[in-house]
Amino acid sequence: MARKRVKKRTHVGAKNPVSSAALNGHADRKDPKSMVIRIGAGEVGTSISQLATDVRRVMEPGTATRLKERKANRLRDYVTMCGPLGVTHLLLFSRSESGNTNLRLAIAPRGPTFNFRVDKYSLAKDVRRAQRHPKGGGKEFLTPPLLVMNNFTDPNTDANSKVPKHLESITTTAFQSLFPPINPQRTPLKSIRRVLLLNREKSPENDGSFIINFRHYAITTKAVGMSKPLRRLNAAEKLIKSKSRKGGLPNLGKLRDISEFMIGGEDGQGYMTDGTSGSEYDTDAEIEILDQGPKKVKSAKARAAIAAVEAAEEEEEGHDDNVERRAVKLVELGPRMRLRMTKVEEGMCSGKVLWHEYVHKTQEEIRELEKKWEQKRREKEARKKQQKANVEKKKAEKAAHKKATGGKSKDDSDDEDEMDMDDYPYDSDMYDAEDGFDSEGLAGDAEEQANTKMEQDGEWEDEEEEIAQEAQAKGKKKPALK
């Protein structure tokens, strides 16, 4: 007998190699996961659908990118699947009857829920269309973005302010928990390729508004201190060794000398620099990166001699050769959103209102609401206890019946009872309107042919009389067979 195949490559127990994302410290079971959902799919419109798709790209890789919503799906369906899938955050896009676009950020499984109104938004394709040199999709989305939050807390606020201190605290915690934490000592710089900027607008009137600007950027770096042609040659040298066919050495066939390419101008009479090529970066955007590439292990005597030479050169020149100066530039990927917080709820999209932008209640109204919520909580606990007691009672009855009948449960005894077809009405699902009831599913088989022959020979009439007599004996009204 052939041995059953056991999959060892893609199933549980497979010894798969650790991915590069896991080595970078970003792929972990404990990392937060999110779902970006359109509530009322098909009714929100194409723009909101595209906005939800763009936000999914921002939340990668810890999100359900290929999630397909249906019109029949409700919020309860997604909340139910949060536990098995390990989802920690839900971002719900919807459109109100008045045409406003709303975003709800809910923390699974017990809240709180932050309600935002999207005042303005721009899709990712609109942002790319407005740029001269847009950034294409590459390896930026393989790792989570770096979260930068600005002005989320104000030292002058307290519990009695229009935007209380605890609201700023829970909002900061909710957005910080969207992405996994970054360890500066272990996380390599090459793994940080994107930035998500959340800036809170401070209202000068202090009218109690909480507005957040949502921006998404890609991080690009270039070496400083070399001209554009030299950077092209440096990039081409790296592409020659790789398997990629993009790029390569520039075409120097029409030039007489390499100096014409490096210096530029007609007949090499000009001079091309970063300033003339329009690619000069601000000095504030320059950073120094220590070269951490692999090095050949040398003896202690050789290392001491090299260290002495490097120390002497540093004293003369005043810089370290292992430090590379690079310029950092942010290229916006989109989307853009201007979010205005309107309400904060205690549970998952339903519960006690913790803060509201427009509705302000007095202390007496708050106490009355507290009493109502406490009463609802008690009723819910009572229902849970009653349901648990009913379940335990049914289990006890089933066990007692099984013990009394010698190991047979109620379900087994019910199956042994003879089924009387007279108990079923003719309009039930067990009857077919055209072919009549067929107990064995043999319509068109030899059984039907035998019954037809008996009816033609007149043998079926005698059986009709016997069936009618048995029905009268039982005291049941049997409809006459036609």
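Author: The questions below take up peptide bonds, backbone angles, aromatic rings and a cavity in turn. This is a predicted model, in which local features need pLDDT of at least 70 and side-chain atom pairs count only at pLDDT 80 or more, while totals for chains, interfaces and linings use all residues. Residues are numbered from 1 along each chain as its sequence is written, and side-chain values use heavy atoms, with hydrogens and water left out.

Reader: What kind of peptide bond joins Gly-111 and Pro-112?

Author: The bond is cis, with omega about 5°. Pro-112 belongs to the loop between strand 3 (101–107) and strand 4 (113–122); helices (H or I, at least four residues) and strands (E, at least two) are DSSP runs, numbered from the N terminus. A cis bond also joins Gly-334 and Pro-335, where omega is about 0°. Pro-335 is found in the loop between strand 9 (323–332) and strand 10 (336–345).

Reader: What makes the phi of Asn-151 worth a remark?

Author: Most residues other than glycine have a negative phi. Asn-151, not a glycine, has a positive phi near 65°. Cys-349 likewise has a positive phi, about 60°, without being a glycine.

Reader: Why is Cys-349 called buried?

Author: Buried means under 20% relative accessible area, exposed over 50%, and partly exposed in between (1.4 Å probe, protein chains only). Cys-349 has a relative accessible area of 15%, and therefore counts as buried. Asn-151, at 34%, falls in between and so counts as partly exposed.

Reader: Why is the pair of Phe-152 and Phe-175 described as edge-to-face?

Author: Rings of Phe, Tyr and Trp (its six-membered ring) pair if their centres lie within 6.5 Å; planes under 30 degrees apart count as stacked, over 60 as edge-to-face and the rest as tilted. The structure holds three aromatic pairs. In the pair of Phe-152 and Phe-175 the centres are 6.0 Å apart and the planes stand at 70°, so the pair is edge-to-face. The two residues are 23 residues apart: Phe-152 lies in the loop between strand 5 (146–150) and helix 5 (165–176), Phe-175 in helix 5. Phe-152 is buried at 5% relative accessible area, and Phe-175 is buried at 7%.

Reader: How do you know that Phe-152 and Phe-210 form a pair?

Author: Their ring centres are 6.2 Å apart and their planes are at 75°, so they form an edge-to-face pair. This pair links distant parts of the chain, 58 residues apart. Phe-210 is buried, with a relative accessible area of 0%. Ring pairs link Phe-116, Phe-152, Phe-175 and Phe-210 into a cluster.

Reader: What makes the charged end of Arg-57 count as sitting over the ring of Phe-141?

Author: The definition requires NZ of Lys or CZ of Arg within 6 Å of the ring centre and within 35 degrees of the ring normal. The charged end of Arg-57 sits over the ring of Phe-141, 3.9 Å from its centre.

Reader: What makes the lining of the largest cavity nonpolar?

Author: A cavity is a set of points on a 1 Å grid over the protein atoms alone where a 1.4 Å probe fits but cannot get out, and lining residues have an atom within 4 Å of a point. Ala, Val, Leu, Ile, Met, Phe, Trp, Tyr, Cys and Pro count as nonpolar, Asp, Glu, Lys and Arg as charged, and the others, Gly among them, as polar. The lining residues divide into 12 nonpolar, no polar and no charged; among them are Val-55, Phe-116, Phe-175 and Met-337.

Technical notes: On a 1 Å grid over the protein atoms alone, a cavity is a set of points where a 1.4 Å probe fits but cannot get out, and a pocket is an open set with protein on both sides within 12 Å along at least five of seven lines; lining residues have an atom within 4 Å of a point.
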